[in-house]
Amino acid sequence: MKKHSRRAFSLVEVTLALGIAAFCLIAVFGLMPVGVQTNRNATSQTAATTILSSVVSDMRIGAIGPGAAQSSLYNIVIPVRGSIGAPQTRNFDCEGRCSTDLAGSIRSDGSSWSPPIVTRYQLKVSFPSSATGVTYADIKVTWPAAAVPANVSGSAETLAAFDRN
């Protein structure tokens, strides 16, 4: 009679394999919060850039002509060429809806939203002085909207020039 030897994993080998697999899974799960935070930051940065683009386009349309003007969509007052305008603030929700107040109950054209929007992004437009006769706008979006400038979690900024000849 022949003895057949059976090949199998020993208990020590199985334990070591499970230990290695557990170590790898812990490393992967440890990276999950970093990935989620990176995704959230990228989404916020994209939304802020979209808001900046929309506001600059709206201001370019409203800046036609030499006198003081107002953008049609966001009601941003654009000063007379070469002068300094008052800083203006607008608040936006995650869907890009605009409001002049932080609570989000009043839209920039004076009508109210139903229901009130929950603001996430704050846009600040300022007009620095220019000796060249070109109107410049410093436009900055920060989030969250209610944060003080030192505690914002992110921001996007651009400088736009409006030749108003």
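Q: Why does Cys-98 count as buried?
A: Cys-98 comes out at 6% relative accessibility, and buried means under 20% relative accessible area, with exposed over 50% and partly exposed in between (1.4 Å probe, protein chains only). So Cys-98 lands in the buried class. Keep in mind that this is a predicted model: local features need pLDDT of at least 70, side-chain atom pairs count only at pLDDT 80 or more, and totals for chains, interfaces and linings use all residues. Residues are numbered from 1 along each chain as its sequence is written, and side-chain values use heavy atoms, with hydrogens and water left out.

Q: What makes Cys-24 partly exposed?
A: Its relative accessibility is 43%, so Cys-24 sits in the in-between class.

Q: Why is the Asp-93 and Arg-97 pair called a salt bridge?
A: The closest N and O atoms of the two are 2.7 Å apart. The term asks for a side-chain nitrogen of Lys or Arg within 4 Å of a carboxyl oxygen of Asp or Glu, so the pair qualifies. The structure holds one salt bridge. In general, side chains of opposite charge can pair when their charged atoms come close.

Q: Are the two partners, Asp-93 and Arg-97, buried or partly exposed?
A: Asp-93 is buried, at 4% relative accessible area, while Arg-97 is partly exposed, at 27%.

Q: How do you know that Arg-90 has no salt bridge?
A: Arg-90 is buried, and the nearest side chain of opposite charge, Asp-58, is 8.1 Å away. Lys and Arg count as positive and Asp and Glu as negative, while His and the chain ends are not counted.

Q: Which backbone oxygens does the side chain of Arg-90 reach?
A: That of Tyr-74 at 2.9 Å and that of Asn-75 at 2.6 Å.

Q: What makes Asn-41 partly exposed?
A: Its relative accessible area is 37%, so Asn-41 falls in between. Asn-41 and Gly-154 are 113 residues apart in sequence, yet their C-alpha atoms are 7.8 Å apart in space.

Notes: A polar contact is a pair of N or O atoms within 3.5 Å; within protein, one must be able to donate a hydrogen and the other to accept it, and residues adjacent in sequence count only if both atoms are side-chain atoms.
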